Amino acid sequence: MDLSILWFWIIAFMFIGYFVLDGFDFGVGMSLPFLGRDDTDRRVLINTIGPVWDLNETWVIVAGASLFAAFPEWYATMFSGFYLPLLLILVALILRGVSFEYRHQRPESSWKKWFDGLIIVGSAVPALLWGVAFANVVRGVKLDANHDYIGTLFDLLNPYALLGGITTLLLFFVHGVVFVSLKTEGDIRVRARKLATKAQIVTIVAAATFLAWTTLAYGTVASAIFAALAAALLIASFLANLRGAERLAFGLMAGTIGLVVLTLFSSLFPDVMPASNDPANSLTIANASSSTYTLGVISWTALISMPVILLYQGWTYWVFRKRIGRAHIDLAVH
């Protein structure tokens, strides 16, 4: 296989890893106003992701660095054209990370309420804007002959992209709430399962509409298969959650998100940034990739480093695999 094509799918894999892992972090953050009845509940929710959220977030750094190394033209066009949305994502991620560390530094409820609000916003904004950004990449944007974005911010806020943003926001929310039911015990676990059931009904409708639109307007045979599998896994996760099979429901949600990403990348292939105004201006795998030498060097780097990263992350999840509840918070206080 040509190295540039291989790296297109490696980039897809890295974004799958990021959306699956940081996706449930976003969902847990967005669940605070629904599941956090008091400060103890909110501490339980935050502690479900406390040991892993920063590790999950590093996937976006790896994905961005890999995109820069393998497809510098794609990186330059997307990050300059989508500057404001990506800046908002970055600011939201910073505020969310700061809030995790600072909310417990003072005992006042107003202090904690302020940082809880930043956690909610810092989770919802990236969950929405990542979907908007990737939907626009699939749909195509206005590019000139130098592959520079010549559209406006309002061009990015089209119905298809906004539906993509709503879909990712809902998928991540459900993913996070199912994770809460998997990682907690007692009343909060029961309430999380019920909330996930209600949210999944809305998510199925939004995701099915978005996947159908993607398939009909921009899809290929491969993307249609991935879209159908994503819809099937989402429905299966809903049924598993109804049965109380939390581990299965979470795994199926992870599979759903992974297949949605594959649907988008399959719809995009062999382009990486289609030009909606003139196909001749489109960025493709061929004209956006680095040299064969560069791709060879980063391929060896990835071959050595990725297994280490995956093993370390797997070990971290194994260490912090136990459920937590209100009793654990009370013990920590005393």
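**Entry 1**

I began with His-147, which lies in the loop between H7 and helix H8 (153–156). I looked up its backbone angle and found phi near 70°. That is a positive value in a residue other than glycine. The model is a predicted one, and I keep that in mind for each entry below. Is His-147 buried or exposed? It is buried, because its relative accessible area is 15% and the cut-off for buried is under 20%.

**Entry 1: a cis bond**

I then checked the peptide bond from Phe-269 to Pro-270. It is cis, with omega near 5°. Where does Pro-270 lie? I found Pro-270 in the loop between H12 and strand S1 (271–273).

Residues 74–95 are 95% helix and 0% strand. The end C-alpha atoms of that range are 27 Å apart. Residues 297–320 come out at 96% helix and 0% strand. Here the end C-alpha atoms are 35 Å apart.

**Entry 2: salt bridges**

How many salt bridges does the count come to? I get 15. I followed three of them.

Arg-37 and Asp-187 meet through their side chains, at 3.9 Å from N to O. The pair links distant parts of the chain, 150 residues apart. Arg-37 sits in the loop between helix H2 (32–35) and helix H3 (39–49), while Asp-187 belongs to helix H10 (residues 187–218). I checked exposure too. Arg-37 is exposed, at 61% relative accessible area. Asp-187 counts as partly exposed, at 46%.

Asp-39 forms a salt bridge with Lys-112, and their closest N and O atoms are 3.3 Å apart. This pair also links distant parts of the chain: Asp-39 is in helix H3 and Lys-112 in helix H7 (residues 109–139), 73 residues apart. Asp-39 has 22% relative accessibility and so counts as partly exposed. Lys-112, at 18%, counts as buried.

Arg-193 and Glu-246 meet at 2.7 Å, N to O. Arg-193 is in helix H10 and Glu-246 in helix H12 (residues 246–268), and 53 residues separate them. Arg-193 is partly exposed, with a relative accessible area of 25%. Glu-246 is buried, with 4%.

Which residues are linked in a network of salt bridges? I noted Arg-37, Asp-38, Asp-41, Asp-187, Arg-191 and Arg-326.

I took Arg-191 next. Its place is in helix H10. Arg-191 is buried, because its relative accessible area is 11%, with the cut-off set at under 20%. A polar contact of 3.0 Å joins its side chain to that of Asp-41. Asp-41 is on the list of buried residues of H3, along with Thr-40, Val-44, Leu-45, Ile-46, Thr-48 and Ile-49. The spacing in that list made me recall a general point. An α-helix has 3.6 residues a turn, so residues three or four places apart point the same way.

I also looked at the start of H3. Asp-38 caps the N-terminal end of this helix. One of its side-chain oxygens lies 3.2 Å from the backbone nitrogen of Thr-40.

**Entry 3: the cavity**

Rolling a probe the size of a water molecule over the atoms shows where empty space is left. The count comes to 1 cavity of 30 Å³ or more. About 70 Å³ of space lies in the largest cavity.

What lines the largest cavity? I listed Phe-19, Trp-130, Gly-131, Phe-134, Thr-168, Leu-171, Phe-172, Ile-257, Val-260, Val-261 and Leu-264. H7, helix H9 (159–183) and H12 each supply at least two residues of this lining. H12 gives the largest share, 4 residues. I sorted the lining by class: 9 residues are nonpolar, 2 are polar and none is charged.

Key
Residues numbered from 1 in each chain as written. Predicted model: local features only at pLDDT ≥ 70, side-chain atom pairs only at ≥ 80, totals over all residues. Heavy atoms only, no water. Salt bridge = Lys/Arg side-chain N within 4 Å of Asp/Glu carboxyl O. Buried < 20%, exposed > 50% of the residue type's maximum accessible area, 1.4 Å probe, protein only. Polar contact = N/O pair within 3.5 Å; in protein donor to acceptor, adjacent residues only side chain to side chain. 1 Å grid on protein atoms, 1.4 Å probe; cavity = no way out; pocket = protein on both sides within 12 Å on 5 of 7 lines; lining within 4 Å. Points joined across faces, edges and corners; volume = space filled by probe spheres on them. Nonpolar A, V, L, I, M, F, W, Y, C, P; charged D, E, K, R; others polar.
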